[in-house]
Amino acid sequence: MTISESPSGTASAPGASSTSGTSGTSGTSGTSGPEVLHYTAFSADPGGGNPAGVVPDASGLDEAGMLAIAARLGYSETAFLTPPPETLDGEPGRAFTIRYFSPEAEVPFCGHATVATAIALGERMGAGDLLFATSVGTVPVTVSERDGTVRATLTSVEPRVTEAAAGDVAEALTALGWTAGELDAALPPRVAFAGARHLVLAAATRERLADLSYDFERLRALMLRLDLTTVQLVWRESETVFHVRDPFPVGGVVEDPATGAAAAAFGAYARELGLVGDEAVLTLHQGVDMGRPGELTVELRAGDRRVRVTGTGRRI
């Protein structure tokens, strides 16, 4: 896959998707509705990363229509593009309003669907800068190509990290079937936000992270009460390399294979806790335990609280 420079398995609960990427149709939706593209994000292999639907022109759809397409596809999220608001200061033709729907509900921000959308647009329009108006703020994305590999880098909205209440952590652990003694004391629980809220819980061992079987409805109820998009489960391999998993029951999905919004939030978490310096590049491995390996690169820059997340992608 090439573009040119722009001239200017986990087990599923009843009714839940495992985001295997097999739902829905490939290619476009034909004459009966808007064009629907299928891309994977955070992997150059169609069998890796996190699949997403991309609707390049959703102008004729209302919320119910968007939700229906997302539910039919069965991916953890599908992105829908419409013209930008007049206040969005972007290059004409490269600025959009973007909305994200899981099979069950709209979500405020989705990193992997943003990367998938940017790569889809880059293939059509050329590499360069894109600007997306989301419900949580403006998200710039840069599409680039080097040695035949296409990448998209999103820049998050202003992040924040807050304490996680002890009772909420205890309830999450109970739903997961974990004990407090299985957590890494050096990475304490926090709620991190970089477009969506995520509860960060760090496992003390890779084995604990690999063994994921949880109470879907109990964790979903807690997450709805706390307005969480995912629970980000983390294991630290080295100073800058982490393995992550993200249960996503509030979206009707048991587990998200690669979660860009959570990666951005985790970058803010790592900086807030002093795990890394002001300038850092982190590598997050996700989807390995599901058989859909992906890699997310998280970049922190001195003097800029925003977090950058980079990944590859490919059309399915």
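Which strand and which helix each supply at least two residues of the lining of the largest pocket? In this predicted model, they are strand S5, residues 106-107, and helix H5, residues 216-226.

View 1. A total of 17 residues line the largest pocket. Nearest to the centre of this pocket are Pro108, Asp227, Leu228, Thr229 and Val250. Sorted by class, the lining of the largest pocket consists of eleven nonpolar, two polar and four charged residues. Strand S5 and helix H5 are the elements to locate in this view, each giving at least two residues to the lining.

**View 2. The crossing of helices H3 and H5.** Helix H5, which contributes to the lining of the largest pocket, also meets helix H3, formed by residues 166-176. The two helix axes come within 8 Å and cross at roughly 155°. Because angles over 145 degrees count as roughly antiparallel, H3 is roughly antiparallel to H5. The crossing of H3 and H5 is left-handed.

**View 3. Residues in the contact between H3 and H5.** On the H3 side, the contact is made by Asp168, Glu171, Ala172, Thr174, Ala175 and Leu176. Their counterparts in H5 are Arg218, Leu219, Leu222, Arg225 and Leu226. The contact of H3 with H5 comprises six nonpolar, one polar and four charged residues.

**View 4. The largest cavity, holding about 50 Å³ of space.** The lining of the largest cavity includes the run Phe109, Cys110, Gly111 and His112, together with Glu77. Thr229, Thr230, Phe248 and Asp256 also line this cavity, as do Thr259, Gly260 and Ala261. Helix H2 (111-125) and helix H6 (260-272) are the elements that give two or more residues to this lining. By class, four residues of the lining of the largest cavity are nonpolar, six are polar and two are charged. Thr229 lines the largest cavity and is also among the residues nearest the centre of the largest pocket.

**View 5. The second largest cavity, with about 30 Å³ of space.** Arg160, Val161 and Thr162 line the second largest cavity together with Val191, Ala192, Phe193 and Arg197. Two strands, S9 (160-163) and S10 (190-193), are the elements that give two or more residues to this lining. The lining of the second largest cavity has four nonpolar residues, one polar residue and two charged residues.

Notes
Residues are numbered from 1 along each chain as its sequence is written. This is a predicted model: local features need pLDDT of at least 70, side-chain atom pairs count only at pLDDT 80 or more; totals for chains, interfaces and linings use all residues. Side-chain values use heavy atoms; hydrogens and water are left out. On a 1 Å grid over the protein atoms alone, a cavity is a set of points where a 1.4 Å probe fits but cannot get out, and a pocket is an open set with protein on both sides within 12 Å along at least five of seven lines; lining residues have an atom within 4 Å of a point. Helices (H or I, at least four residues) and strands (E, at least two) are DSSP runs, numbered from the N terminus. Ala, Val, Leu, Ile, Met, Phe, Trp, Tyr, Cys and Pro count as nonpolar, Asp, Glu, Lys and Arg as charged, and the others, Gly among them, as polar. Axes are lines fitted to C-alpha atoms, for helices over the stretch in contact, and angles run from 0 to 180 degrees between N-to-C directions. Angles under 35 degrees count as roughly parallel, over 145 as roughly antiparallel, 65 to 115 as roughly perpendicular and the rest as oblique. A crossing is left-handed if the near helix is turned anticlockwise from the far one by less than a right angle, and right-handed if clockwise. Contact means heavy atoms within 4.5 Å. Grid points are joined across faces, edges and corners, and a volume is the space filled by probe spheres set on the points.
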